[in-house]
Amino acid sequence: MPITAVSLDVSLAYETFGDPGDPPVLLVMGFGAQMLGWHEDFCRALADRGRHVIRYDNRDCGLSTKFDDHPVDVAEFIATVSAGDIPTALAMAPYRLHDMADDGLALLTALGIERAHVVGSSMGGMIAQTMALSSPERVLTLTSMMSSTGETAYGRSSPEAQEAMATPKPADRDGYVAAAERELVWASRRYGDGAALRELAAASYDRSYHPAGLGRQLAAMILSGSRAEALRELRVPTLVIHGLDDTLIDPSGGRRTAELVPGAELLLIPDMGHDRPRELWPELIDAVVTHTG
């Protein structure tokens with residue numbers, strides 16, 4: 001799998017699917033998730049519809065650059081933010097979402113791609129929004145999937161989802177894989193698949209087990225704040241996709257994003273949670289292909 005330097009400090013692992021002559025679609029993954037979260041079969045199906053698909057590992061995840069020389073203790077960081085000591089919290093975090101957005105844009109540059117359609121999921125949606133806000137001339141279209149605006153009043157997690165997210169996974173492989181089933185709490189109620197979650201967890205663990213990156217990515221999200229005012233001025237064609245079963249980022253996050261971005265299209269999908277069930281791939285791929293057409 002190729003790894004390329006996108007700055008002096010960061011190298012990204014990536015993979016491409018389809019014909020490089022087709023319209024490029026950059027897939028941006030979410031919090032703590034490797035590029036494997038964009039399933040290979042999903043990528044190939046999108047490529048078969050005439051798109052040049054690029055998936056990659058964000059910094060601090062998978063095979064991309066780790067910032068282990070700057071540890072972030074999650075409990076200490078959250079306590080600091082809760083106490084309102086933002087200057088100290090800012091000093092604790094080595095990067096923000098805009099740095100992660102710059103990584104994705106620099107990957108496009110490294111691949112010789114001037115402009116691309118950008119599709120981001122969850123935290124990846126926040127990164128994709130930031131790409132479109134910072135460099136609209138490079139983003140042909142934006143698709144923000146199961147994401148939010150950074151406003152604390154929207155896209156809140158349910159108590160059960162918060163508990164599942166906050167509970168550290170075991171460090172041993174068997175325990176880590178078994179703990180993946182906790183994610184059923186925010187998955188599609190109809191299509192949630194424990195076996196698929198365990199399969200992804202096993203592949204991710206074997207490829208790169210790196211829990212230390214979670215604290216830094218979490219800090220980047222929290223400290224990047226609200227994008228609401230900037231989104232009101234965004235002029236990139238935008239599709240917002242959200243599952244009505246999502247309990248990790250409530251559908252209000254998607255509704256609010258579509259409300260703010262002028263001319264945005266909102267697609268609310270029944271039977272989809274904070275996941276992309278294989279049964280819904282045809283609908284999701286149709287939506288992306290139509291939007292990027």
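**Exercise 1.** Find which residues are linked with Asp60 in a network of salt bridges.

*Solution.* Asp60, Asp68 and Arg216 are linked in such a network, where a salt bridge is a side-chain nitrogen of Lys or Arg within 4 Å of a carboxyl oxygen of Asp or Glu. By this rule the count comes to 16 salt bridges. The model is predicted, so local features need pLDDT of at least 70 and side-chain atom pairs count only at pLDDT 80 or more, whereas totals for chains, interfaces and linings use all residues. Residues are numbered from 1 along each chain as its sequence is written, and side-chain values use heavy atoms, with hydrogens and water left out.

**Exercise 2.** Work out which parts of the chain the salt bridge between Glu151 and Arg256 ties together.

*Solution.* Begin with the atoms: the closest N and O atoms of Glu151 and Arg256 are 2.8 Å apart. Next, place the residues: Glu151 lies in the loop between strand E6 (139-145) and helix H6 (159-166), and Arg256 in helix H11 (residues 252-260), so the pair ties together parts that are 105 residues apart in sequence. Finally, consider accessibility, for which buried means under 20% relative accessible area, exposed over 50% and partly exposed in between (1.4 Å probe, protein chains only). Glu151, at 15%, counts as buried, and Arg256, at 9%, counts as buried.

**Exercise 3.** Determine whether Asp271 and Arg190 are buried, partly exposed or exposed.

*Solution.* Asp271 forms a salt bridge with Arg190, their closest N and O atoms being 3.3 Å apart. Asp271 has 27% relative accessibility and counts as partly exposed, while Arg190 has 57% and counts as exposed.

Terms used:
Helix = DSSP H or I, 4+ residues; strand = E, 2+ residues; numbered from the N terminus.
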